[in-house]
Each structure stands twice: as C-alpha cells, then as structure tokens.
Amino acid sequence: MSASDEERRQVEHSVGPEPTEEPEFRPYHHPAAGWGAAKSVTNFLVREGALVDGPRAIMRMNHENTGFDCPGCAWPDDTKGLHLDICENGIKHVTWEMTRKRVGREFFAAHSVAELSGWSDYELENQGRLTEPMVYDPDTDHYVPISWKDAFEVVGRALRELGSPHQASFYTSGRLGNEATFLYQLMARELGTNNLPDCSNMCHEASGRALQASLGTGKGTVDLKDWEVTDALFILGVNAASNAPRMLTALAEAHDRGARIVHVNPLVEAAATRTIVPHDFTDMALFRTTRTSTLNLQPRIGGDMALVRGMAKAILEQSTTDPKALDREFVERHTTGFDAYRAVCEATPWDEIEHQSGVTLADILKAARVYREADRSIVSWCLGLTQHEHGVDTVREIVNLLLLRGNLGREGAGPSPVRGHSNVQGNRTCGIDHRPTDAFLDRLAEVCKIDPPREHGLDTVRTIRAMHAGEVKVFVGMGGNFALAAPDTPYTYEALRTCDLTVQVSTKLNRSHVVHGRQALILPCLGRTEKDHQRKGVQSTSVEDSMSMVHLSVGMKRAASPHLLSEPAIVAGMARAALPDSETPWEWYIEDYDRIRDTMARALDGFEDFNRRVRLPLGFRIKQPARELVFLTPSGRAEFSTAALPDVVPAPGTLALGTMRSHDQWNTTIYSDNDRYRGIKNLRTLVFMNRDDMRERGITELGRVDITSTAKDGSRRHLDGYLAVPYDIPRGCAAGYMPEMNVLCALGDYSTQSDQPIMKHVKVTIDPAA
C-alpha cells in the first residue's frame with residue numbers, strides 16, 4: 001500500500017445509531033445523577049421493553065453473594081449493605097444484556113456478512129442476543145449453524161496444526177470472571193504460549209507498571225473504607241459520572257463530612273460539580289444537591305505530571321520552614337531515592353511547571369495547600385493519565401507525592417487507580433499477563449502439572465502487528481469487541497482478516513464478527529445476569545473490583561437460549577479439543593466451579609482458602625503488601641522516581657486530542673447519540689474545541705471540520721466532516737469520542753514506557769472542512 005493510500009484509508013463503519021433529528025449542543029448546568037439519571041433510565045427501560053426484568057435486576061445487582069455483579073464498571077460494592085448500590089450506566093448495561101431480541105440462524109440466513117459490514121455498530125448490537133454457535137461459510141458469505149462439538153473441533157484442529165503455539169493469540173476483555181480467566185490462561189500456557197493480550201494493555205498497563213516499580217505491587221493500596229475517612233481526595237483524569245458513577249456517592253459523602261476534593265481534568269465534567277445521589281430519597285424529593293468538589297484544575301492534555309511535580313515542589317519548599325509539611329520519619333524509614341528526587345524538584349523551574357501543566361502557579365499552590373493541610377490523602381486516577389507516552393512516569397510522580405507526607409500504609413491514604421471494566425483487575429490477578437513472573441509460572445507448574453513457557457508473549461499492539469504480518473494465524477477473543485476497541489482501526493481490520501481463524505466468544509453481535517479471518521466462529525456465552533446450570537447445580541463465579549475485593553456473582557434469570565454455554569465451559573471445550581492428551585481435568589472442573597477455585601487457591605497468592613472466604617459477606621480483600629509497608633522492590637523500600645518532565649506543549653498549529661466515552665455508552669457499546677452531561681444530542685461525529693482555537697482557525701459552532709493526525713513515523717490519518725463543538729477546554733487541546741476516533745491513533749503510536757496506545761495524546765490539525 002502506498003503512502004498516499006495509507007493516508008486516505010477510511011473507517012468502514014459508523015458506530016452509533018443514525019440520528020433522526022438535527023444535532024444539538026446546549027451546555028449542561030445540572031447536577032450529575034439525580035432526576036436526570038432517573039428519567040434516562042426510565043426511558044431506556046421503556047425503549048428496551050424491560051419494565052419488568054429491569055427493576056428485578058436492579059434489586060439483585062451488586063448484592064453481597066446473593067446477586068450478580070454489575071457487568072459494567074469495577075467500582076467496589078458499598079460496604080454498608082446498601083440495597084440500591086446501582087447507577088444509570090449499570091442499569092443500562094444490564095438491560096442491554098437482558099434484551100428480548102434474538103439473533104439466531106434465521107437472522108444470519110437473511111443477512112450476508114457483506115451486508116452486515118455496512119451496518120452501524122449500534123445496529124449490529126441492537127439486534128439482540130446471540131443464540132447458538134455459528135461458523136462462517138465463505139461460499140455463501142453467511143454465518144451458518146454449527147454444533148458445539150464441531151465448533152470446538154474447528155478451534156482444536158486449528159491450534160493443533162500450528163507450526164508453533166506462538167502463532168495463536170488469546171485476547172481477554174474485562175468482563176471475564178476469575179474462574180474462566182484462570183482456565184483460559186492455563187489453556188494458553190499448556191499449549192505453550194504467553195500470547196495473552198488483554199484490555200489492560202490499552203487502559204491501565206501504565207498504572208500497574210508504575211506501582212510495581214515504586215511500591216512492589218501492581219495495584220492500588222486503598223479500599224472503599226479509606227475513601228470514607230480520608231481528609232482529601234485528588235481525582236485525576238477521571239470522568240466519574242459516566243465511567244464510575246457509583247463514585248458519586250463516595251464524593252458526596254466525603255463533601256458532607258468536610259473532606260476536600262480536588263478534580264484535575266482538561267474538561268470540567270459533571271461529576272466535578274454537584275450531584276443528587278438517586279438512592280438518597282430525601283435529597284431526590286427535595287431536589288437537594290451536594291457539591292462533589294472544592295477545587296477544579298484544568299491542565300493541558302498530558303500536563304498532569306507537571307502539575308503533580310509542582311505540588312511536590314511546593315511541599316518541599318514549605319518543609320524548609322514548616323517541619324510538619326514533610327513526613328521525614330516515614331521518608332527515612334520506608335523510602336529510597338528521596339535526595340535525588342528533591343534535587344530534581346529543586347532543579348525544575350516554576351515557569352517550566354506552569355508552561356507544561358497549563359495551570360497557573362497560584363492554582364498549583366492551592367492544590368498543594370489542600371494536600372499539606374490534610375492529615376490523610378488519597379490520589380485517584382484513570383485513563384486520562386495512563387494513555388500517554390509518559391503514563392508510567394506520571395503515576396510514579398503521584399506515588400512520589402504520596403510518599404512525601406507518608407500517605408501510605410495507613411487508613412484513609414494511598415494510591416487508588418480507577419479500573420474500568422468490572423473484572424479487568426481480576427483478569428490480571430488470575431493470570432492474564434503476557435509478561436508473567438517466574439514465581440507465578442513456577443507455582444502454576446507445580447499445582448497444575450504443566451510446563452509453561454517462560455518467554456514473554458505478545459500484548460495487544462504486538463498481536464495486531466503479528467496478525468498483520470501473518471505471524472499470528474489464530475486469534476481468540478474472549479469477550480469484548482476487539483476490532484472496534486483497538487487503535488488504528490483500518491490496520492486492525494486488515495490484521496484480523498489475515499488470520500486463518502478468528503474466534504469470538506460473545507453475547508451480542510458486534511464488529512468483530514464481521515471483520516474476521518478466513519475461517520471464523522461465533523461462540524455465544526451466558527451473560528452475567530443468567531443462571532449457569534452445571535452438573536453440580538447452579539454455579540457462581542467471582543470477580544475482583546478495582547480495590548482488590550473478590551466476591552461472588554450469581555445469575556438471576558433463565559438463559560437467553562438453551563444453546564448458550566458459560567465462559568468456563570467454552571474455555572474447557574476449546575482446551576480439550578486443542579489438547580486431547582491433556583491431564584488437566586477440564587470436564588471435571590466445569591461440573592463444579594468450586595473445584596476450579598480450589599486449584600486457584602493453591603496456585604495464586606492471596607487466594608488461599610478461596611471457597612470459604614469468597615462466601616463471606618462482601619467476599620474478601622486480596623492482601624496488598626505495600627499497604628502493610630512491605631515493599632517487594634529491589635531495595636525493599638518504596639522507591640522515589642526522578643523522571644524529567646516531558647514536553648507536552650503542542651507545536652504551533654497543532655492540537656493534542658484525547659479520545660473519551662460519551663455518557664450514553666459503555667466501552668464500545670453505544671446506547672444513543674446523546675451525551676447528556678456534555679449537552680450533546682443526536683451527534684457522535686464531533687470534536688470538542690477551545691473557542692479561541694476555533695476562532696483562530698475560522699471554525700464556527702457546529703461547523704464542519706476535517707481532522708488529520710500525524711503519527712510518529714510521519715504517516716497521516718483523517719476524519720472528515722466532523723462537527724466542532726465549543727467547550728471549556730484548555731487552548732491547544734481537543735477531545736472526541738472513541739471508538740470513532742481510534743482511527744486517528746496509529747498502531748505505532750504507543751508508549752515506550754507501558755506499550756499502551758496513546759489515545760489520550762494524539763497530535764492533530766483541525767481545519768474547516770474542504
């Protein structure tokens with residue numbers, strides 16, 4: 001393909017529903033959640049015909065060990081036994097799964113893949129639940145029914161005939177439960193590969209690597225009880241109202257008890273203003289709002305590290321006259337590298353900190369004052385910090401700041417990454433890791449009697465490259481919508497189509513079913529709301545939330561089709577077909593998931609006595625050594641880092657663009673073309689811009705623009721005819737929705753620190769449409 005062809009590759013789909021009305025933009029000035037959320041949920045239940053099943057699900061969701069875990073975000077369950085620990089997006093997500101619409105053999109007989117390729121992603125998912133396994137027939141360009149036995153044999157034969165096990169790659173989305181996760185990684189490693197890419201490779205890989213380097217653990221150290229007693233919360237790069245809406249309860253309660261709350265985000269999101277918590281019936285009845293912030297700071301895209309460095313510099317300067325500003329005893333007893341870090345802070349000029357952060361010195365000092373005056377502080381962050389070239393350095397800078405005042409290893413203090421999907425952290429804990437440690441592999445070998453490979457496997461970016469080059473011939477997607485979630489959409493499509501076989505384990509039709517290999521399977525699985533019947537009765541699965549709590553999830557309703565299998569059963573079926581001589585008791589495991597958990601208890605640190613502990617109220621928390629001030633680092637101490645500030649200021653004429661979700665979407669699933677909290681109706685093909693940047697370019701409100709990104713290798717990608725929306729965002733910055741804008745992020749534009757695609761820092765030019 002020539003360079004000019006490369007520059008003009010266009011995405012072949014539209015993601016959301018076709019707008020039926022003219023686009024509208026009206027700035028949102030109302031509280032988050034409250035009656036707006038209640039109205040939105042009601043309308044959604046009516047539209048989906050779920051006025052009975054929806055309320056039933058609401059009363060069973062997130063109930064300790066008796067209900068099912070919300071398949072949406074990974075926010076922890078309420079510690080006080082709240083019976084309505086739910087949110088707008090969670091209800092929508094569950095209702096979307098419980099739809100009465102079905103996609104069976106009649107549907108596929110009526111629609112070819114060529115036809116379906118022209119449908120929007122909204123239209124594909126809106127057809128309903130998949131009902132039976134299907135295989136692609138290239139002669140007719142249709143999917144046709146296949147038995148489970150024959151489907152497993154297709155997978156098994158393809159894997160057995162590979163020249164090397166490294167020619168297969170096994171992707172995982174965050175919705176997969178712990179038991180299926182453990183079996184999935186066991187299958188891959190018994191086959192002989194660590195090619196286990198997952199959604200963390202695109203989201204929080206930077207967090208894990210940074211925390212591991214600084215503290216010796218890849219996870220945050222705080223739990224929800226810490227949020228309930230902390231004196232100050234710093235929320236960086238998080239759009240809580242849409243991505244972790246139940247956090248609004250914690251923010252409102254923190255404000256009510258006098259905690260200080262600082263939000264740091266280029267956009268002032270609705271969650272950073274005020275809220276009405278829907279399950280607080282008094283507040284709902286009186287329309288009484290609660291503030292969710294005491295200070296809002298708007299750094300430029302990528303400027304968070306400079307802002308945090310400025311806060312640390314202010315603390316260190318203050319410590320020369322105020323001995324209590326710095327916890328010297330903690331630093332001397334539990335850390336290493338402090339003198340070098342202090343020297344770096346002293347050598348970083350204030351004007352450079354202001355320039356790179358885009359935040360004034362006065363505002364940085366305000367944030368530092370909040371931090372200094374708080375006895376206990378929590379710093380929380382999400383993808384706004386991680387999807388950058390310097391994401392690891394930024395998270396390590398957060399840890400530096402926490403260490404200065406001993407905000408670790410005590411109640412109400414510490415780092416708190418906000419994971420996205422409901423079990424993405426559990427996936428990594430239970431073995432989905434393309435870079436496993438020797439200690440993990442040694443334990444797995446001992447317990448499961450296999451000889452796992454030792455060389456590192458492929459992550460998401462490298463899997464796409466390997467597929468494109470013909471080096472990975474079999475791709476298995478366990479949940480998710482890989483084709484749409486990945487960067488550089490046209491390149492990813494080409495990569496998938498190069499495979500000999502693609503296998504998608506899914507609940508609904510999506511883009512990854514119509515962008516497939518030469519041979520393709522759709523394997524439909526149970527949803528989290530559905531009862532999982534096995535030989536020993538109805539089974540439960542477990543999940544781990546973003547604060548390391550592990551608890552059970554039990555479905556409540558009959559399966560959408562009698563032909564659906566559970567995710568553990570599908571993994572076991574593929575494994576037995578691919579490894580016919582395996583001594584792993586795959587079928588025995590599926591009869592009773594307690595047997596899987598017993599094996600996990602012996603193979604995984606922190607899962608000892610798994611079956612008993614997971615049945616305790618609220619489950620159990622995996623022990624975090626760093627919380628106990630035990631640091632599994634080379635020095636045996638918490639380690640300060642001394643990275644230089646990156647240059648994140650856009651070159652003249654260019655903008656830094658970050659991708660994000662709308663409010664009415666969950667990951668790649670789009671519920672509507674509306675984004676209530678940003679004042680958008682009937683529009684997704686848009687770009688949010690600073691008014692002065694628009695004026696400078698001659699762009700009018702809702703005027704059509706062309707967006708061009710320039711990759712590290714100089715290649716360009718385009719989106720044409722988008723509408724420009726003026727927004728309160730720093731100059732030099734722009735934002736728009738994923739997955740539509742994933743096309744702008746070249747596959748080669750990934751962080752050298754974390755290997756994550758830098759979807760929050762794409763270099764673009766935006767001009768009036770030609």
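Predicted model: local features only at pLDDT ≥ 70, side-chain atom pairs only at ≥ 80, totals over all residues.
Helix H15 covers residues 304–318, and helix H18 covers residues 350–357. The two pack against each other at an angle of about 150°. Their axes lie 8 Å apart. Two packed helices are described by just such a pair of values, the angle between their axes and the distance between the axes. Angles over 145 degrees count as roughly antiparallel. H15 and H18 are therefore roughly antiparallel to each other. The crossing of H15 and H18 also has a hand: it is left-handed.

Now turn to the strands. Strands of a sheet pair through backbone hydrogen bonds, either parallel or antiparallel. Here, 6 strands close into a barrel. From one strand to the next, the twist averages 45°.

Look at one pair within the barrel. Strand S29 spans residues 686–689, and strand S32 spans residues 733–737. These two strands run antiparallel, and 2 bridges join them. Where does Met-689 find its bridge partner in S32? The partner is Ala-734.

Next comes the empty space. Rolling a probe the size of a water molecule over the atoms shows where such space is left. The structure holds 9 cavities of 30 Å³ or more. Take the second largest cavity, which has about 230 Å³ of space. Its lining is made of 20 residues. Closest to the centre of this cavity are Gly-527, Arg-528, Asp-532, Thr-541 and Glu-567. By class, the lining of the second largest cavity has 6 nonpolar, 8 polar and 6 charged residues.

Finally, find the largest pocket. About 1200 Å³ of space lies in it. How many residues line the largest pocket? The lining has 35 residues. Nearest the centre of the pocket lie Gln-212, Gly-218, Lys-219, Arg-428 and Thr-437. Helix H10 (205–215), helix H22 (424–429) and helix H23 (438–448) are the elements that give two or more residues to it. The residues lining the largest pocket divide into 9 nonpolar, 15 polar and 11 charged.

Definitions and conventions:
Residues numbered from 1 in each chain as written. Heavy atoms only, no water. Pairing = 2+ DSSP bridges. Helix = DSSP H or I, 4+ residues; strand = E, 2+ residues; numbered from the N terminus. Axes fitted to C-alpha atoms, helices over the stretch in contact; angles between N-to-C directions. 1 Å grid on protein atoms, 1.4 Å probe; cavity = no way out; pocket = protein on both sides within 12 Å on 5 of 7 lines; lining within 4 Å. Points joined across faces, edges and corners; volume = space filled by probe spheres on them. Nonpolar A, V, L, I, M, F, W, Y, C, P; charged D, E, K, R; others polar. Parallel < 35°, antiparallel > 145°, perpendicular 65-115°, else oblique. Left-handed = near helix turned anticlockwise from the far one by under 90°.
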